[in-house]
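Dear colleague,

Please find the structure below, passed on to you for your files. My notes on it come after.

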Amino acid sequence: MSHPAYLRLTQRAARLGALGEAAAILHWDASTMMPRGGGAARGEQLATLAGLAHDMMTAPEVAEDLRAAEATGEWEAANLALMRRAHARATALPTSLVEATARANSACEKIWREAKAKSDFAMVRPALEEVLRLQRETAQALSAATGLAPYDALMEGYQRGVTAAEVEPVFNAYEAWLREALPRAEEIQARRGAPLPLPGPFPVEKQRELCRRLSLRLGLEADHSRLDESVHPFCGGTPSDVRITTFYSETDPAKALLGVLHETGHALYERGLPGDYARQPVGESAGMAAHESQSLIIEMQACRSDAFLRFLGPELHRLYGGDAAPYAPANLAKLWRRVSRGFIRVDADELTYPAHVILRFRLERAMIEGRLAIADLPGAWAEGLRGLLGITPPDDARGCLQDIHWHDGGFGYFPSYTLGAMAAAQLMKAARAATPGLDAALAEGDLAPLVGWLRVNVHAHGASLGFQDLLRAATGKPLDPMDFQAHLASRYLDAA
């Protein structure tokens with residue numbers, strides 16, 4: 001029998017979970033269907049929900065129940081620990097700051113959309129300065145309450161138990177490795193010759209039908225998901241009502257297809273979370289680095305593998321017709337695993353992608369620590385990218401305006417992308433060792449063996465384990481960046 005105080009806490013958590021789900025659907029709608037004129041009202045709606053949730057979490061009786069509650073079993077203990085963590089973070093922030101932050105984020109995000117389209121950083125600068133001011137205030141308050149450095153306190157909100165001091169040497173080591181690996185990969189790629197372009201045409205309706213069909217084939221149930229369009233692809237909604245988005249290009253079907261495969265990985269994680277603990281902290285994901293590992297193990301590790309491309313090539317040819325040669329698996333591998341020093345993070349290959357994340361990690365940390373002003377961001381961005389990849393963005397749209405994250409208050413999120421990529425390689429290595437027929441199944445377009453392994457070893461744990469403990473349980477060791485480098489070396493540095 002659970003302790004009465006613990007039961008009261010779970011009831012409150014369920015109501016908080018419902019508020020969070022409502023906010024998630026409003027965020028999804030704002031990015032997909034809401035007319036431009038609804039922005040101000042939407043900002044107020046989200047601020048009100050954030051304020052209500054904050055007040056529910058910081059009510060005096062919550063502290064009393066947290067002091068009195070006792071846990072029975074490992075899952076209750078983990079749930080109670082997460083409740084105490086959430087309460088400590090919430091009580092560090094006044095409701096007025098929570099609501100002001102939600103309003104500022106919503107307002108800035110709307111301006112950013114127009115500023116990005118016009119490649120005009122000056123247009124969004126004042127709004128972004130206000131977002132940063134509130135983020136710094138939040139970081140300072142959380143730092144005082146948790147003992148973490150301000151930037152670490154923000155990172156903790158996305159992936160608990162990982163600090164900048166742990167991330168920095170991992171990123172520095174990757175930068176040093178990339179400095180030698182990238183020219184080698186480019187030279188090998190040049191010797192192999194350019195890929196044949198896909199001939200097209202690629203009608204959007206055909207792309208949409210293929211994307212939906214493949215997401216269902218991967219295991220995403222039709223009655224628990226939607227596929228829509230947005231400027232920035234994402235996975236949102238709730239575990240029982242997952243919303244994934246993409247955007248379509250009539251000249252390049254890979255943008256939508258690979259985006260949907262990526263977001264389906266996120267969606268499968270949400271659908272695989274422990275239903276017995278729905279709307280409880282322990283029933284949520286293990287954090288955003290863990291989440292990114294699930295999208296990238298599907299998109300990069302599985303669906304861009306040689307095995308899966310043997311299935312996908314004929315599927316694409318049947319759908320779009322024309323010459324079969326461009327759809328040959330070897331040509332698709334050349335196309336979709338092509339190394340390029342590009343400006344856009346979401347279009348980057350997996351070898352250079354971490355460089356884009358390293359850049360953002362350094363810049364956002366400097367902004368939170370007061371070492372970089374918003375006015376100096378475009379120049380710092382250009383200098384940083386030049387140092388990492390040897391290229392300079394020609395305009396703001398391909399520079400500091402390309403991502404939504406900072407304009408929506410997402411400071412501290414970016415490290416999760418590369419930590420997730422590294423974890424995905426580590427998990428895939430373990431999945432292959434435990435599932436001998438995995439690649440044969442991928443060659444048939446069957447991801448059930450992989451998803452089944454993930455269901456047991458990742459999804460079912462919810463948030464009962466942190467990022468490092470989750471990796472230990474699934475692979476026998478904490479994060480090992482060498483598994484990621486070995487994966488990249490085998491894919492891009494093998495001259496055979």
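This is a predicted model: local features need pLDDT of at least 70, side-chain atom pairs count only at pLDDT 80 or more; totals for chains, interfaces and linings use all residues.

Residues are numbered from 1 along each chain as its sequence is written, and side-chain values use heavy atoms, with hydrogens and water left out.

The axes of helix H2 (residues 39-58) and helix H5 (residues 95-118) come within 8 Å and cross at roughly 155°; helices are DSSP runs (H or I, at least four residues) numbered from the N terminus, and axes are lines fitted to C-alpha atoms over the stretch in contact, with angles from 0 to 180 degrees between N-to-C directions. H2 and H5 are therefore roughly antiparallel (over 145 degrees). Residues of H2 including Arg42, Glu44 and His54 meet residues of H5, among them Glu99, Arg103 and Lys110 (contact means heavy atoms within 4.5 Å).

Helix H20 spans residues 481-492 and has 12 residues. Its buried residues include Pro481, Phe484, Leu488 and Tyr492, where buried means under 20% relative accessible area with a 1.4 Å probe, protein chains only. Helices H8 (164-192), H11 (288-303), H14 (353-368) and H16 (415-434) are among what covers the buried residues of H20.

His266 belongs to helix H10 (residues 253-272). With a relative accessible area of 7%, His266 is buried. Leaving aside residues up to four places away in sequence, His266 touches Cys235, His291, Glu292 and Ser295.

Yours sincerely

Key
Helices (H or I, at least four residues) and strands (E, at least two) are DSSP runs, numbered from the N terminus. The expected span of a helix is 1.5 Å times one less than its number of residues. Buried means under 20% relative accessible area, exposed over 50%, partly exposed in between (1.4 Å probe, protein chains only). Angles under 35 degrees count as roughly parallel, over 145 as roughly antiparallel, 65 to 115 as roughly perpendicular and the rest as oblique.
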